[in-house]
Amino acid sequence: MNKKTVRLKKGKEESLKRFHPWVFSGAIASLSEPIEEGETVRVCNNSGEFIAIGHFQLGSIAVRILSFEDIEIDNAYWRARLSSALNMRIALGIAGSTENNTYRLVHGEGDSLPGLVIDIYDKTAVMQAHSIGMHLQKDAIAKALVEVMDNRIDSVYYKSETTLPFKVGDGLENGFIYGQCNDNIGVENSLRFYVDWLKGQKTGFFIDQRENRALLESYSKGKKVLNMFCYTGGFSVYAMRGGAELVHSVDSSAKAIELTDKNISLNFPDDKRHAGFCEDAFKYLEKMDEKYNLIVLDPPAFAKHRMALHNALKGYTRLNAKAMEKIDKGGILFTFSCSQAVSKEHFRNAVFTAAAQAKRNVRILHQLHQPADHPVNIYHPEGEYLKGLVLYVE
């Protein structure tokens, strides 16, 4: 094996000994020779002893670990990792379910494949690289994926235009790298959704809220529901099936409202209980006259990194305080943060502050998180990115 070597500073291998999958740039003492971004490298301690193999990249996270064994990163490696991911989803009852043909097959570090996301929408796999190393290996990964999935998929769509560093992503076009598919309807808990893997956010749908949407459905009967930051209208569709009296969906994106309306019509044609509004969330909350007794706050990440944490927490506090002020007495609030930089404690404190500012008596009914097909590697707690609370507001 003639891989280039990254040598660490003395004592900087301790996190790797605990199987954390990242090497930060500040931990590196030297490189054996110049290394191109995306190359596979061997990571050694200061004495030159092997620790791990990973993908090299410029930036704060310099190496993303692929294996703590000195092995070749070849077809057998990709097949083994993808088979492990699939077997877990089969064990969960997610892969192969007739009620759900939409699920996450690979969740980065959670499946020991840092920098890689693969979502399944019926017979189409949507693959997304978040590291240059995974981008350069996309064809090898797709080949192994087709072999492992066998007849479960017939196409692979590559969607990394917006997730790679600028110099790599510039000029990169999303597209099919295996097969073709024009049917972009996914099924989740027997509900149908248009999946915009061409231009939509993430891989086209927010799969990570599946279980939380189902919980909201159980609270929706007879309620007046407001779904803020609705995007595809997932929560709105579930609220409709749950028997809501009315459902209003709000998003600042006209395309999001259009997609929400399409998803409502797909499941509930000619149902007059729903209306969509293209408007800024804060402005809508400020001026709304309707008294809602079930509100969903599922904003985009307010903090992409720790430097933005302070402003993000102020944003969460302001948003939740306004919703608590406006919600009807005895209302239920589903509130979320998908910012990895915001811990559960940070988020809970922001919501606590909001309750105090709104001067409402608030009780926690549920503490929510990402579903099992978005697993958290026990050695990588940073992977627990989705936080949610269900609150009873007197």
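**View 1. At a relative accessibility of 18%, Glu-217 falls in the buried class (under 20% relative accessible area is buried, over 50% exposed, and in between partly exposed, with a 1.4 Å probe and protein chains only).** Welcome to a predicted model, where local features need pLDDT of at least 70 and side-chain atom pairs count only at pLDDT 80 or more, while totals for chains, interfaces and linings use all residues. Residues are numbered from 1 along each chain as its sequence is written, and side-chain values use heavy atoms, with hydrogens and water left out. The partner to look for is Arg-241, which forms a salt bridge with Glu-217, with 2.9 Å between the closest N and O atoms (a side-chain nitrogen of Lys or Arg within 4 Å of a carboxyl oxygen of Asp or Glu). This pair links distant parts of the chain, since Arg-241 sits in helix 7 and Glu-217 in helix 6, 24 residues apart (helices are DSSP runs of H or I with at least four residues, strands are E runs of at least two, and both are numbered from the N terminus). Arg-241 is partly exposed, at 33% relative accessible area.

**View 2. Helix 6 (residues 210-219) and helix 7 cross at roughly 35°, and their axes come within 8 Å.** The axes are lines fitted to C-alpha atoms, for helices over the stretch in contact, with angles from 0 to 180 degrees between N-to-C directions. Helix 6 brings Arg-210, Asn-212, Arg-213, Ala-214, Leu-216 and Glu-217 to the contact, and helix 7 brings Gly-234, Phe-235, Tyr-238, Ala-239 and Arg-241 (heavy atoms within 4.5 Å). By class, the contact of helix 6 with helix 7 has five nonpolar, two polar and four charged residues (nonpolar: Ala, Val, Leu, Ile, Met, Phe, Trp, Tyr, Cys and Pro; charged: Asp, Glu, Lys and Arg; polar: the others, Gly among them).

**View 3. The axes of helix 7 (residues 234-241) and helix 8 (residues 254-267) come within 9 Å, crossing at roughly 30°.** Helix 7 is therefore roughly parallel to helix 8 (under 35 degrees; over 145 is roughly antiparallel, 65 to 115 roughly perpendicular and the rest oblique). Helix 7 makes a right-handed crossing with helix 8. Zoom in to find Ser-236, Val-237 and Met-240 of helix 7 meeting Asn-263, Ile-264 and Asn-267 of helix 8. The contact of helix 7 with helix 8 is made up of three nonpolar, three polar and no charged residues.

**View 4. Asp-373 and Arg-210 form a salt bridge, with 3.0 Å between the closest N and O atoms.** Asp-373 lies in the loop between strand 19 (362-369) and strand 20 (387-393) and Arg-210 in helix 6, so the pair ties together parts that are 163 residues apart in sequence. Both Asp-373 and Arg-210 are buried.

**View 5. Lys-224 pairs with Glu-290 in a salt bridge whose closest N and O atoms are 3.3 Å apart.** Lys-224 is in strand 14 (residues 224-228) and Glu-290 in the loop between helix 9 (281-287) and strand 17 (294-297), so the pair links distant parts of the chain, 66 residues apart. Lys-224 is partly exposed at 24% relative accessible area, and Glu-290 is partly exposed at 29% relative accessibility.

**View 6. Phe-229 has a positive phi of about 55° although it is not a glycine.** Most residues other than glycine have a negative phi. Phe-229 is in the loop between strand 14 and helix 7, and at 18% relative accessibility Phe-229 counts as buried.

Note on methods: A crossing is left-handed if the near helix is turned anticlockwise from the far one by less than a right angle, and right-handed if clockwise.
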